[in-house]
Amino acid sequence: MSGTVSTIVIIAILVVILFFAVKYSIPHFKGEGGCCGGSGKEKLIRPAKLENVIVTKTLKIEGMRCENCHRRVQNALNSIDGISAKVNGDKAEAVVKLGREIDDSELKKAVTDLGYSVTSISEI
């Protein structure tokens, strides 16, 4: 009889753990959670309209897992003066239009400071 009671207690504990694991994972899978250090409610900084685009570059980025990640990278790049960036999470890249000379190291630093890896930077 005591074996049955202990089995029921173990199953009850596992059900409770599973319930909370699913409950707190759903926002992450919808791209709404703060899985990557953000709140998931951060407003997207739209790409700036540049009068003169001198070069367009593609940054290949590793580590972006959700919509929140894409938003954080795009916001970081678009916060640099003279940049208009759009992040494509499906391709794991950012297309960056430069309105002034900006060193690749500055672009890379904006992304790596967030905890992601830039695997390549190329001109289009």
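Reply: **The enclosed helix**

The buried residues of helix α2 are Asn68, Cys69, His70, Arg71, Arg72, Val73, Gln74, Asn75, Ala76, Leu77 and Asn78. This is a predicted model, and the account below describes that model. Buried here stands for a relative accessible area under 20%. With 11 of its 12 residues buried, α2 is largely enclosed by the rest of the structure. An α-helix has 3.6 residues a turn, so residues three or four places apart point the same way.

Helix α2 covers residues 67–78, and at 1.5 Å a residue its 12 residues should span 16 Å; the end C-alpha atoms are 16 Å apart, so the two values agree.

For context, the chain holds 3 helices and 4 strands, in the order α-β-α-β-β-α-β along the sequence. Over the chain of 124 residues, 31% count as buried.

Contacts elsewhere come next. With a salt bridge taken as a side-chain nitrogen of Lys or Arg within 4 Å of a carboxyl oxygen of Asp or Glu, the count is 3. One of them joins Lys57 to Asp104, with 2.4 Å between the closest N and O atoms. Lys57 belongs to strand β1 and Asp104 to helix α3, so this pair ties together parts that are 47 residues apart in sequence. Lys57 is buried, at 9% relative accessible area, while Asp104 is partly exposed at 31%.

Another salt bridge links the side chains of Glu93 and Lys60, at 2.8 Å from N to O. Glu93 is in strand β3 (residues 93–98) and Lys60 in strand β1, so parts 33 residues apart in sequence are tied together. Glu93 is buried at 11% relative accessibility, and Lys60 is partly exposed at 32%. Asp113 also pairs with Lys109, the closest N and O atoms being 2.7 Å apart. Here Asp113 is exposed at 53% and Lys109 is partly exposed at 48%.

Helix α3 (residues 104–112) also contains Thr112, which is partly exposed at 33% relative accessibility. Thr112 and Glu62 are 50 residues apart in sequence, and their C-alpha atoms are 9.9 Å apart in space.

Val5, Val9, Ile10, Ile13, Leu14 and Ile17 make a nonpolar surface patch of about 560 Å². Val9 sits in helix α1 and is partly exposed, with a relative accessible area of 44%. A patch of positive charge on the surface gathers Arg46, Lys49, Lys86 and Lys97. Among them, Arg46 lies in the loop between α1 (2–29) and β1 (55–62), and its relative accessibility of 63% makes it exposed.

Conventions. Residues are numbered from 1 along each chain as its sequence is written. This is a predicted model: local features need pLDDT of at least 70, side-chain atom pairs count only at pLDDT 80 or more; totals for chains, interfaces and linings use all residues. Side-chain values use heavy atoms; hydrogens and water are left out. Patches are made of residues with over 30% relative accessible area and no salt bridge: like charges are joined within 9 Å, nonpolar side chains (Val, Leu, Ile, Met, Phe, Trp, Tyr) within 5 Å. Accessible areas come from the Shrake-Rupley method with a 1.4 Å probe; for residues, only the protein chains shown count as cover. Lys and Arg count as positive and Asp and Glu as negative; His and the chain ends are not counted. The place of a charge is taken as NZ of Lys, CZ of Arg, CG of Asp or CD of Glu. Helices (H or I, at least four residues) and strands (E, at least two) are DSSP runs, numbered from the N terminus. Buried means under 20% relative accessible area, exposed over 50%, partly exposed in between (1.4 Å probe, protein chains only). The expected span of a helix is 1.5 Å times one less than its number of residues.
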